[in-house]
Amino acid sequence: MFAYILRRAGTTLPVMAMVAFFIFSLLYLAPGDPAAMIAGDQATPEDLARIRESLGLSRPFLAQFADWSWRVLHFDLGKSIFTGTPVTALIGQRMEATVSLLVMTLITAVLIAVPLGVIAAWKAGSLFDRAIMAFAVFGFSVPVFAVGYMLAWVFALQMQWLPVQGYVPLSEGAWPWLQRLLLPALTMSFGYVALIARITRTTMLEVLQQDYVRTARAKGLASRGVLFVHALKNASVPIVTVIGLGIAMLIGGAVVTESVFAIPGIGRLTVDAILRRDYPVIQGVVLMFSFVYMLINLLIDVSYTLLDPRIRY
Amino acid sequence: MPVPASEAAKQPELLPPVKVRRGWIGFVRRHPTIAIGGGLLLVLVLIGLFAPWLGTVDPSAIAPARRTRAPSAEFWFGTDMLGRDVYSRVLLGTRVSLVVGFSVACIATAIGLAIGLLSGFVRWADGPVMRAMDALMSIPPILLAIALMALTRGSIGNVIIAITIAEIPRVARLVRGVVLSLREQAYVDAAITTGTPTLRIIRRHILPNTIAPMMVQATYICASAMIIEAMLSFIGAGIPPSTPSWGNIMAEGRALWQVKPYIVFIPAVFLSATVLAINLLGDGLRDALDPRVAKGI
């Protein structure tokens, strides 16, 4: 088991290095000379040369990549061109909103999607099943910002149940925090629910055909118990895999959803950085999200042995 | 003993004859999702093609006197904050979405096919190429497109390139998988043993088997490309604001959405309908081309 974790992490490292290389190359190719930006309008060519030297910009490409990687390993992602604030500090300030949003989405989506998928598989072919499957195609087709405006319009403007926009940190009270996160989280859940419900139904359909499910039923266990304990546990590996892969969709969704609901998170930071062409910030955010995505999927791979003891490495 | 014709007619039929309807009605019966998705997509393609003759006016004609009018008989979808006709803008925006979606689907499929074939046939290239594809796939597609768009100025061509790069790995992986499984087949072995040139093996035995899964994948890529394009335009990193695209119309309607929701909702409905049509078509193709999957899902 431990050897497996090490091996699996070992295969992730080269991919991470490759991702870092891609993202570094992007910044390297970015138009504009960082030295000229620091030096300002009055700089002489000698000043420029000196600054380039001190920044290491005149060194070969691979040497610059090595320097940059070393700094990244020490959590130094450079400074924003516009504010001069370290990128890690910018990300840190906005971490809470985005993490709250992502965790909330994950919880709502799984709580809605898994029961829907299980019931759809149990009642396969019924009207309920067909409605869920129709929703799965539909939910996957509606872009996240359309869902966001629709939900905000119905629940915030028309019904006035929830605030339209904004974010309140958790430290200022759990209820206001939850109130403002609910709509954005539901928005991002929409497509995610469709994805998870679909795979849950498919795997449950397979598992429900197994002999042990019939045995459990035959010995008189309640259907609910059989469905959610016996069957769901054995269907969990593909479901958890899809939940992990869907995180990429959530990260993309967060960038847009935070704009729709005016949430000061990392997604909003990304959008502001693009509009100002703040390359170090864009680079830092993309790198961080990609690493988080890879780490989550690494953890999920490792968790298979806990979910299904038949899987041994 | 010969059975009289009247006697034979009385025999109860064990199975009613299978009546296979031919023609387009039969096709719709057998593949309803292809028919619905394809039909809807056809309508949208026609809208895109004939937009200039569908009662549209100049989409960038500014008229401050009649700005933010609600939808009416004169302005079917109302006017935006600069008095531009939303109906004309949305109809012409169809072109942008369809061009981006179809171009990305075609280019990404072609390049992905080439990379997948290379990876599946050239053993030493397989490892490095697939690690590079894994790395590209580890960056969430929208973020990769955003990072690429940050390097260049916004234009339809650049948006297509950025999204294509993000989608290529999915095709390459698929094709490589198909190639690796086909290489184990006896008929491919036979072709290799008899000295068939590799290119001919690819053309005769490999390509025909990749077409079905690639077509399905291409529809999903097309749908995802349209969503990414709208998202990029919406956050200001996509098509330049001078071109009416659905993402741009929504981005411009944002400031007013609480009072004039239609400016945001109408392009959203069009985008959702287009993506839905393509996804239905993709699901239908998958079921039609691979009957094994059709039973499970």
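Between chain A and chain B, five residue pairs, both partners at pLDDT 80 or more, are in polar contact, a term that denotes a pair of N or O atoms within 3.5 Å, of which, within protein, one must be able to donate a hydrogen and the other to accept it, residues adjacent in sequence counting only if both atoms are side-chain atoms. The model is predicted, so that local features need pLDDT of at least 70 and side-chain atom pairs count only at pLDDT 80 or more, whereas totals for chains, interfaces and linings use all residues. Residues are numbered from 1 along each chain as its sequence is written, chains are lettered from A in the order in which they are written, and side-chain values use heavy atoms, with hydrogens and water left out.

Across the same interface the rule finds one salt bridge, defined as a side-chain nitrogen of Lys or Arg within 4 Å of a carboxyl oxygen of Asp or Glu. The side chains of Arg198(A) and Asp283(B) meet in a salt bridge, with an N to O distance of 3.3 Å. On the side of chain A that touches chain B, the largest share, eight residues, is supplied by α7(A), helices being DSSP runs of H or I with at least four residues, numbered from the N terminus.

In terms of contact, meaning heavy atoms within 4.5 Å, 49 residues of chain A meet 46 residues of chain B. The two chains bury about 4000 Å² between them, 78% of it on carbon and sulfur atoms, where buried area is the accessible area (1.4 Å probe) that two parts lose on being put together, summed over both. Leu26(A), Phe145(A) and Tyr149(A) supply 17% of the area that chain A buries against chain B, more than any other three residues.

Helix α10 of chain B, residues 246-253, contains Asn248(B). Six of the eight residues of α10(B) are buried, that is, under 20% relative accessible area (1.4 Å probe, protein chains only). Among them are Trp246(B), Ile249(B) and Met250(B), and the buried residues of this helix pack against α7 (144-158) of chain A as well as α4 (86-121), α9 (198-234) and α11 (262-289) of chain B. Asn248(B) counts as buried because its relative accessibility is 4%. Leaving aside residues up to four places away in sequence, Asn248(B) touches Ser233(B), Ile239(B), Pro240(B), Pro241(B) and Thr243(B).

Conventions: Helices (H or I, at least four residues) and strands (E, at least two) are DSSP runs, numbered from the N terminus. Buried means under 20% relative accessible area, exposed over 50%, partly exposed in between (1.4 Å probe, protein chains only).
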